[in-house]
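Please open the structure in your viewer and keep the sequence beside it, so that each selection can be followed in both.

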Amino acid sequence: MQITFARRILLVPTACLGSLPAIAAQTPTTPPSQGNQVEAALPAEAWLYAHVGDLARVREIAQRNAWADLFQDEQVRPFFEGLTDEVLAEATAGLAPDAPERTLLDARAWWLGLESGAFWMSGQPPQESNLKGGALFQFNAAGQGIAEALAATMRAHLTPAADPISSGPTAEILSWHPQAGETGSTTTTFRAGNVVGIHFANSRPVALELARDAQSRLAAPALDPRANQWLSLARGSDWEGHGFEIGVDLATVLAGLPQEPELQRFLDVSGLGSSRYVWLGGSLCPGECLNGTFAIDLPERGVAADAAKLFGVAPRAWLDWMPADATGISLGSVDIAGAWDLFWRVFGEQDPAEHDEVRTRYDGFTGSLGFDFESDLVRQFDGRFASFTAAVPADELPTYLLEEFKSLLPSDNQQGVLWMVGLKDPTRVQELLERLLEQFGAGAEITNAKHAGAWIESVSFEGFEFHWSFTKEAWIASFSPSLIRGTLERMQDPALPDVRSQTRLMQGLDATPNAAYVSVADSAATLRAQFEALGSMGSLLGMFGSNADLEHMLSNAPAPKPEAAPRHLKGWTSATLEIEGRRLAIRTRSR
């Protein structure tokens, strides 16, 4: 396959990201931070902003970060190096040995030489002819080779415009066209001190104006207030001044969308037409610390705003039911009946005739089954749900897997999951389930056994086994009967040890007391399981036939060794859903 220039550009960040885990802890010296010089150059009209900030600070932290140490481990690093080699082999296919693109694919050079970088776009998003944007790179002394490679790559793939040199506030500006004689699209480049600027627009005057404005703003002490207004909202309290971020000014983007009736109707009904931003960011901190956030601005009204109100507070009282040896837990709360009502309300408001027809069909269907789906099931959910992961006996390997797949699983570290769903009237739901099994469970073997004052029901069908029990306030279910037995025992005897004795998991849980959903796991145990899965991948895929490319990749990128994880990681990793006013944030944290 021919590798085009555009494809090579897309492979640059892929190669760099693949290599970073293997080089993050290798920085020999850390030069003083030069801050985020390019941040001030963000123009007020930008609606897309991607930024890597204060990498000197990130490099310094990487020397004291457990995750960086893990990826530098001799039992882990070859995996990332091997994957990177595969990407680089594709990206450099057909390149001359001295081609400047080879320097641009050197992740170590970027890691050591870049201080900050930014990419932005403005103009009307749907109208390609009006789009314009730019990229700025702030280098230190170690990054001069990359700056020179960028200039050489531009010369290799672009054609100078007529009379290409123009003056700027602080540096000369060069103008380029994609092809000789083309007068439309223009790219401008400049180098002002340690900053390289690249801007593009549909016309040369606009591209030159962008470059001149960028040079002027580079000397400014802070962001333009108009640009800072939406970006400050988007960052909230999640931006720490270093790391990466991508933000979109939704107000500007949505205002520029075509006035198509169906699109406008969707924006009006959902309320998303009044959302102001969407933002993604992440950072590194000392110790066993990683942060990541995806955030969106909720509208003041509309379906999206109503849906956000359905979330409650995670049911922490259920921690009493979870085992002391749990390696992961999750808790959440959402109003299922409220979501059901919201669906029918919006449906009825938007298409009354269709709503009435569908509702009539629904009522007839549930009537023919002999139960009321809404009252017997939907309105019985009280909104609480939870799950936990814990070790299970080797003879409880997942029964839903084929026998030949089971041999690939690490039987000495088998993990099972138990789910909990809160119910208002468990007896009513139990009766419904029994009727459904009578009607549709032909061929299935259904058994039950009493344990710790409750009945455990089991269904087996062609090797598939599943177990559940109804308690006074919940339905609990698992593929592993031992997890159900242990849960029932803790419900019966509160004095038995539970997950509250797990210090690391409780620390993760306590870090987000108001989350609508929170999942906390032992970092080492989670990563160990992922490494084990990678180790089984070759054998698993090999069962479906030989593949030379796959075999080459797996041999070149040996799976990380599971035992490496607990050598470096001693803490927890969490994922949460948090709603703070109009800000809905999905956050990941490791500590």
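What share of the contacts in the protein with a separation of 6 or more comes from residues 24 or more positions apart? Those residues account for 70% of such contacts, where a contact means heavy atoms within 4.5 Å.

This is a predicted model, in which local features need pLDDT of at least 70 and side-chain atom pairs count only at pLDDT 80 or more, while totals for chains, interfaces and linings use all residues. Residues are numbered from 1 along each chain as its sequence is written, and side-chain values use heavy atoms, with hydrogens and water left out.

Begin with the whole protein, coloured by secondary structure, which has 22 helices and 20 strands; these are DSSP runs numbered from the N terminus, helices being H or I with at least four residues and strands E with at least two.

Next, select residues 277-285, strand β9, and residues 289-297, strand β10, which run antiparallel and are joined by 8 bridges; two strands pair if DSSP finds at least two bridges between them. Glycine 282 has glycine 292 in β10 as its bridge partner. In the hairpin, with 3 residues between the strands, glycine 287 takes a positive phi near 85°.
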